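Please examine the sequence and the structure shown below.

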Amino acid sequence: MLNCKQATALISQRQEQRLPSFTHWGLRMHLMMCHNCRRFARQINLLQRALSGLTSRLTSAEESDRDGPTMPTEMRQRIRNHLPNGS
């Protein structure tokens, strides 16, 4: 039977790799009985999802920066209106 220290280590490990079947079921059994480790597992999953979302936002921001900075249409029009030839 796993203790909480072993269980939290496995919870973290399973974020990065698939656990062997016997270990997976041992962890499941522990999580069924331990409220604190279930809470830890939920928090780790929440952090994982938050970081995944942040990573995708950063990636899309970097991609848009590669295309050049974007300027709102209204601002572009105001600048055009102040140009001498209005183009």
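**Overall fold**

Read along the sequence, this protein follows the pattern α-α-α-α. The model is a predicted one. It contains 4 helices and 0 strands.

**Burial and contacts**

- The protein has 87 residues, and buried residues make up 14% of them.
- Among contacts in the protein with a separation of 6 or more, 51% are accounted for by residues 24 or more positions apart.

**The nonpolar core**

- The largest nonpolar core consists of 10 residues: Ala7, Leu10, Ile11, Leu19, Leu27, Leu31, Cys34, Cys37, Ala41 and Ile44.
- At least two residues of this core come from each of helix H1 (4–14), helix H2 (21–33) and helix H3 (35–66).
- One of the core residues is Leu31; when its neighbours within four places in sequence are left aside, leucine 31 is in contact with Ile11, Arg14, Cys37 and Arg38.

**The surface**

- The accessible surface of the protein comes to about 7,400 Å², and carbon and sulfur atoms hold 57% of this area.
- Met1, Met29, Met32 and Met33 make a nonpolar surface patch of about 520 Å².
- Is methionine 1 buried or exposed? Methionine 1 counts as exposed because its relative accessibility is 74%, and the cut-off for exposed is over 50%.

How values were computed
Residues are numbered from 1 along each chain as its sequence is written. This is a predicted model: local features need pLDDT of at least 70, side-chain atom pairs count only at pLDDT 80 or more; totals for chains, interfaces and linings use all residues. Side-chain values use heavy atoms; hydrogens and water are left out. A nonpolar core is a set of buried Ala, Val, Leu, Ile, Met, Phe, Trp, Tyr and Cys residues joined through side-chain atoms within 4.5 Å. Buried means under 20% relative accessible area, exposed over 50%, partly exposed in between (1.4 Å probe, protein chains only). Contact means heavy atoms within 4.5 Å. Patches are made of residues with over 30% relative accessible area and no salt bridge: like charges are joined within 9 Å, nonpolar side chains (Val, Leu, Ile, Met, Phe, Trp, Tyr) within 5 Å. Accessible areas come from the Shrake-Rupley method with a 1.4 Å probe; for residues, only the protein chains shown count as cover. A salt bridge is a side-chain nitrogen of Lys or Arg within 4 Å of a carboxyl oxygen of Asp or Glu.
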